[in-house]
Amino acid sequence: MALALLLFLLLFPVSLASADEGPFIGVNLGTDLSDMPSPTQVVALLKAQNIRHVRLYDTDQAMLLALANSGIRVTVSVPNDQLLGIGQSNATAANWVARNIIAHVPATNITAITVGSEVLTTLQNAAPVLVSAMKFIHSALVASNLDSHIKVSTPHSSSIIIDSFPPSQAFFNRTWDPVMVPLLKFLQSTGSYLMLNVYPYYDYMQSNGVIPLDYALFRPLPPNKEAVDSNTLLHYTNVFDAVVDAAYFAMSYLNFTNVPIVVTESGWPSKGDSSEPDATLENANTYNSNLIKHVLNNTGTPKHPGIAVSTYIYELYNEDLRPGSVSEKNWGLFDANGVPIYTLHLTGAGTVLANDTTNQTFCVAKDGADKKMLQAALDWACGPGKVDCSLLLQGQACYEPNNVVAHATYAFNAYYQKMGKAPGTCDFKGVATVTTTDASHGSCIFPGSGRNGTSVNGTILAPSSNSTTSGCPPQYFPDVGAITSSVIIAILLLAPVLL
């Protein structure tokens with residue numbers, strides 16, 4: 001089979017992308033494909049969003065077949081539970097490559113193989129065979145003349161870096177030197193890259209207030225708030241760059257200075273439980289939007305300015321069935337129906353995920369606003385303000401959640417959009433504010449949304465703009481006295497994203 005593939009490649013050259021194509025943004029598909037749409041629907045979404053790089057956590061055959069002839073560059077994975085077998089047997093590795101790689105290329109554009117995931121921190125008994133497994137997989141690629149097109153590496157948790165700030169003093173956990181040194185030699189000799197999972201969200205959560213939220217979210221900082229490495233005098237404006245540079249310095253400590261870094265996982269959850277108050281739609285949108293622009297604008301890091309670090313966002317879809325905390329289920333850019341969880345703000349960042357609605361703004365109820373004032377403003381909007389509030393009637397798309405904050409947000413935004421977003425039309429005596437995050441939820445589509453007036457399976461999800469219904473009698477709205485803070489939903493946000 002290897003000889004046949006070689007002859008095919010010689011006779012019919014195929015453009016298989018290498019890792020040297022320049023910086024890119026990719027997406028992770030998540031660990032449980034059963035919690036996602038069908039493979040063909042997944043590929044259709046990737047194409048629609050111009051996502052040209054995707055990472056699988058396995059070698060799901062149906063997904064690889066669906067990706068065939070799409071041109072999408074695919075990273076596949078050796079799952080951790082197969083690592084011991086492959087690391088102890090060259091033949092097992094060759095069989096794995098034959099089944100999962102050779103059987104699919106060149107139709108499926110596989111460009112990288114990750115051998116295990118976070119092995120040093122989650123599967124320490126397999127650590128002694130990790131480099132052997134990588135070498136065996138690579139040898140099988142060499143035998144099939146695929147090694148120049150398909151790189152081999154393994155993703156690491158950023159927690160393998162000790163004392164990551166200041167970055168210039170960072171080093172890998174010395175316990176793993178017997179693994180890291182030969183691993184880096186392998187990456188260097190094969191032209192591969194160090195794979196790193198970088199999660200500023202967890203760094204922020206675990207810092208006990210030491211790391212400012214703006215620093216984790218790539219938000220602009222005044223010069224006196226930037227973190228300065230006292231050894232290099234390099235200024236750091238975000239956690240992501242600091243962690244990546246810490247990895248560069250840690251490699252330098254082991255005398256490896258020419259191994260590039262690819263971030264295989266990074267993201268921010270859009271929803272969390274009461275112990276995760278910063279897992280919000282607004283913060284997730286801010287982080288991922290800023291991350292994409294940071295990568296694609298070739299910003300680089302303070303240590304390597306202008307050398308962008310290609311990154312895979314974790315993840316494409318929410319995983320509703322995933323066990324664990326609320327946030328564990330809510331890292332996705334889309335829900336299982338392919339509906340965006342939020343609309344990214346990507347002006348100037350190319351075409352990937354470019355359903356850009358930077359100019360879209362919405363009017364929402366201010367967090368913590370007085371409920372009686374909200375009710376009065378709501379009554380005015382649906383009465384004298386002549387807003388079409390019919391979707392707030394019981395049984396209609398925007399009735400739930402049945403509380404004054406949610407209903408006021410819908411009505412305020414409808415009035416704001418109806419008035420052409422004119423200055424002063426999103427105030428309502430101080431209980432409303434403008435945001436760039438679309439507050440639509442489920443089948444409740446807000447006026448001004450990128451989804452406004454669209455249909456799914458022939459069903460109109462939003463009211464017609466020329467509807468003649470206006471005004472909603474007060475009895476359709478919730479009793480203010482019955483409302484508690486526990487029902488204020490996560491889509492009501494504090495402030496607009498600053499772009």
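Reader: Let's start with serine 153: buried or exposed?

Author: Serine 153 is buried, because its relative accessible area is 1% (buried is under 20%, exposed over 50% and partly exposed in between, with a 1.4 Å probe and protein chains only). Bear in mind that this is a predicted model, in which local features need pLDDT of at least 70 and side-chain atom pairs count only at pLDDT 80 or more, while totals for chains, interfaces and linings use all residues. Residues are numbered from 1 along each chain as its sequence is written, and side-chain values use heavy atoms, with hydrogens and water left out.

Reader: Where does serine 153 lie, and what is serine 153 in contact with?

Author: Serine 153 is part of strand E5, residues 151–153 (strands, E of at least two residues, and helices, H or I of at least four, are DSSP runs numbered from the N terminus). If you set aside the neighbours within four places in sequence, serine 153 contacts Ile113, Thr114, Val115, Met134, Leu187, Ser192, Tyr193, Leu194 and Met195 (contact means heavy atoms within 4.5 Å).

Reader: What do the chain totals look like for burial and for contacts?

Author: The chain has 499 residues, and 52% of them are buried. Take the contacts between residues at least 6 apart in sequence: 71% of those join residues at least 24 apart. As for elements, the chain has 14 helices and 17 strands.

Reader: Helices next. At what angle do H7 and H8 cross?

Author: At roughly 15 degrees, with the axes of H7 and helix H8 (residues 177–190) coming within 9 Å. Axes here are lines fitted to C-alpha atoms, for helices over the stretch in contact, and angles between N-to-C directions run from 0 to 180 degrees. H7 and H8 therefore count as roughly parallel (under 35 degrees; over 145 is roughly antiparallel, 65 to 115 roughly perpendicular and the rest oblique). On the H7 side the contact uses Ala127, Leu130, Val131, Met134, Lys135 and His138, and on the H8 side Val179, Pro182, Leu183, Phe186, Leu187 and Thr190. You've already met Met134 and Leu187, as contacts of serine 153.

Reader: And how do H5 and H7 cross?

Author: The axes of helix H5 (residues 90–102) and helix H7 (residues 127–143) cross at roughly 55 degrees and come within 8 Å. That makes H5 oblique to H7. From H5, Asn90, Ala93, Ala94, Trp96, Val97 and Ile101 meet Phe136, Ile137, Ala140 and Leu141 of H7.

Reader: What about threonine 92?

Author: Threonine 92 also belongs to helix H5. With 33% relative accessibility, threonine 92 is partly exposed. Not counting residues up to four places away in sequence, threonine 92 touches Gly85 and Ile86. Threonine 92 and alanine 133 are 41 residues apart in sequence, and their C-alpha atoms are 9.7 Å apart in space.

Reader: On to rings. How many aromatic pairs are there?

Author: In general, you describe a pair of aromatic rings by the distance of the centres and the angle of the planes. This structure holds 20 aromatic pairs (rings of Phe, Tyr and Trp, its six-membered ring, with centres within 6.5 Å; planes under 30 degrees apart are stacked, over 60 edge-to-face and the rest tilted). Take tyrosine 202 and tryptophan 331: their ring centres are 5.7 Å apart and their planes at 45 degrees, so this pair is tilted. Tyrosine 202 sits in helix H9 (residues 200–205) and tryptophan 331 in the loop between strand E13 (311–313) and strand E14 (362–365), so the pair ties together parts 129 residues apart in sequence. Tyrosine 202 is partly exposed at 27% relative accessibility, whereas tryptophan 331 is buried at 1%.

Reader: How do H13 and H14 pack?

Author: At an angle of about 40 degrees, with the axes 9 Å apart. H13 and H14 are therefore oblique to each other. The contact residues include Trp380 of H13 and Tyr415 of H14, along with Leu374 and Leu378 of H13 and Ala411 and Phe412 of H14.

Reader: Which residues do ring pairs link into a cluster?

Author: Tyr199, Tyr201, Tyr202, Tyr204, Phe218, Phe240, Trp268, Tyr287, Tyr314 and Trp331.
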